[in-house]
Amino acid sequence: MHMAVMPVTKQDFVSLEPFVHQVGGHSSMMKFDDVSVCKPLYQREHRFYEELPPEMHPFTPEYRGVVYVSIEEDEDGYINLTAHPDKLALECQNKDGSSKFSCSTTSSSSDSDSSGEDLIGSPQQRPPRFGLVRSVETGPYRVRLRSGKLELVSTRKDGFFDAGDVTDHSSGSAGANPWSLHCHREEVNKMRKLGPSSKVHKYIVLENVAYQFSYPCILDLKMGTRQHGDDATGEKKVRIMAKVEKSTSKTLGIRACGMQVYKKNSGKFMCRNKYHGLKLHEEGFKQELITFLHNGLQFRTELIEPLLQRLRKLYKVIEKQHSYRFYSSSLLLMYEGDMENTGETTNSCSCSTKEREKGQSNQETLNSNNSCSNLNNICQCFSHRCKVDVRMIDFAHTTHSGFSGDRTRSGPDTGYLFGLENLIRLLEEIQEKYHDSLDTSLDPSP
């Protein structure tokens, strides 16, 4: 049996911290580096990214591989999550506790990942990751649990987030979207309950789609008229169907599941979570879209057309995905909230036909080997002066023809298309309303 010695240095390990711009979802998103995030790996979602049709690439985060994550709690109550592409190396670090050592491995180890999985830093994926990540002591965010509450300790003093009327069992919300802390607390508690026998967890690494924005305004929309997957238990199926019946998921094929929007008048992000979205009917959902596009001083009319362009193109892509069902997946609408940083003015963001065509052509030629220097230019709104993006996320319940054990279906996902149709219609109605109005500074709050 061949024995190998693998040198591991402190730089090989990545200290994770909460991704502060998470507005929805159940799984906690972690910041892997400036341009990547990671989340708990679900086999169904992992397989979806590996088999993703090429035409969907511009509308989904780039898949970047798999890492293993360990959790440790120090004597001061700080929770340290550390990632590494090799499971055995991470386990050795946990046992040894030193920053530099050698770990003996065997080529036939059942825990090795020589089976061809894409691991961050593995030769078949790409050269070693983009840059070394700071240690947890010097990162901008640290977390600890105190009396059941998750406390975010930040070296930053900006306090960008305003929880508003959101009730959450986390503190320090001025440093992160409250929903991000909610998800992180749930994930940490789940990992701790598994005990010492399950200290290493598998995570999938994806593109940070918010990286291109300085002040990312994000609206998380749950898409489709069906929200449960084929793998749902009978009890879960009934519970999810009841939510659909009582919400805009049934009437519009779309539901607001989380939002943050930068309000220029206060200098903070206004945040809303999925419980707010569950209470909305069609008119309330339409008002939510207006709120999302209002920066506290003016309505951003210039953003609607580029968003519509992306949504119409997405519709054509989904229309061609026969047998795919995107159950319980979300759609993110995003734009840059800092108009000064992008050089935008109120009227400077109207893209010409030529610019739109050029932008679409650039997006279509992007491939999975984008370099860091290109990430600022990915999927921006057809003009560098007007940064918007539309991305599909959360594919833990997605199915398609050939997926083992799942029912085979024909044609595209009509529930998802129904949601897109209504989203496009509502944005067109809002566009017409504000186009006819001379005053775009009106406060959208009801």
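**Figure 1. Overall fold of the predicted model.** Ten helices and 17 strands make up the secondary structure of the protein. Helices (H or I, at least four residues) and strands (E, at least two) are DSSP runs, numbered from the N terminus. Of the 446 residues, 55% are buried, meaning under 20% relative accessible area with a 1.4 Å probe and protein chains only. Contacts are heavy atoms within 4.5 Å. Among contacts between residues at least 6 apart in sequence, 76% join residues at least 24 apart. The protein exposes about 20200 Å², and carbon and sulfur atoms supply 50% of it. Accessible areas come from the Shrake-Rupley method with a 1.4 Å probe; for residues, only the protein chains shown count as cover. Residues are numbered from 1 along each chain as its sequence is written, and side-chain values use heavy atoms, with hydrogens and water left out. In this predicted model, local features need pLDDT of at least 70 and side-chain atom pairs count only at pLDDT 80 or more, while totals for chains, interfaces and linings use all residues.

**Figure 2. Confidence along the chain.** pLDDT is the predictor's confidence in each residue, from 0 to 100. The protein averages 76, and 66% of the residues score at least 70. Residues 1-10 stay under 50, with 31 contacts beyond four places in sequence. Residues 350-385 also have pLDDT under 50, with 64 such contacts in the model. Where pLDDT is low, the predicted coordinates should not be read in detail.

**Figure 3. Packing of helix 1.** Helix 1 spans residues 43-50. Its buried residues are R44, E45, H46, F48 and Y49. They pack against strand 4 (36-40), strand 5 (63-73) and strand 12 (200-207).

**Figure 4. Surroundings of Q321.** Q321 sits in the loop between helix 8 (304-319) and strand 16 (330-336). Q321 is buried, with a relative accessible area of 4%. Not counting residues up to four places away in sequence, Q321 touches P53, E55, M56, G411 and P412. G411 is 90 residues from Q321 along the chain, yet their C-alpha atoms are separated by 7.4 Å.

**Figure 5. The largest pocket.** The volume of this pocket is about 1100 Å³. A pocket is an open set of points on a 1 Å grid over the protein atoms alone, where a 1.4 Å probe fits, with protein on both sides within 12 Å along at least five of seven lines; lining residues have an atom within 4 Å of a point. The lining holds 48 residues, of which G25, H26, S27, K222 and D394 lie nearest the centre. By class, 20 are nonpolar, 13 polar and 15 charged.

Note on methods. Buried < 20%, exposed > 50% of the residue type's maximum accessible area, 1.4 Å probe, protein only. Points joined across faces, edges and corners; volume = space filled by probe spheres on them. Nonpolar A, V, L, I, M, F, W, Y, C, P; charged D, E, K, R; others polar.
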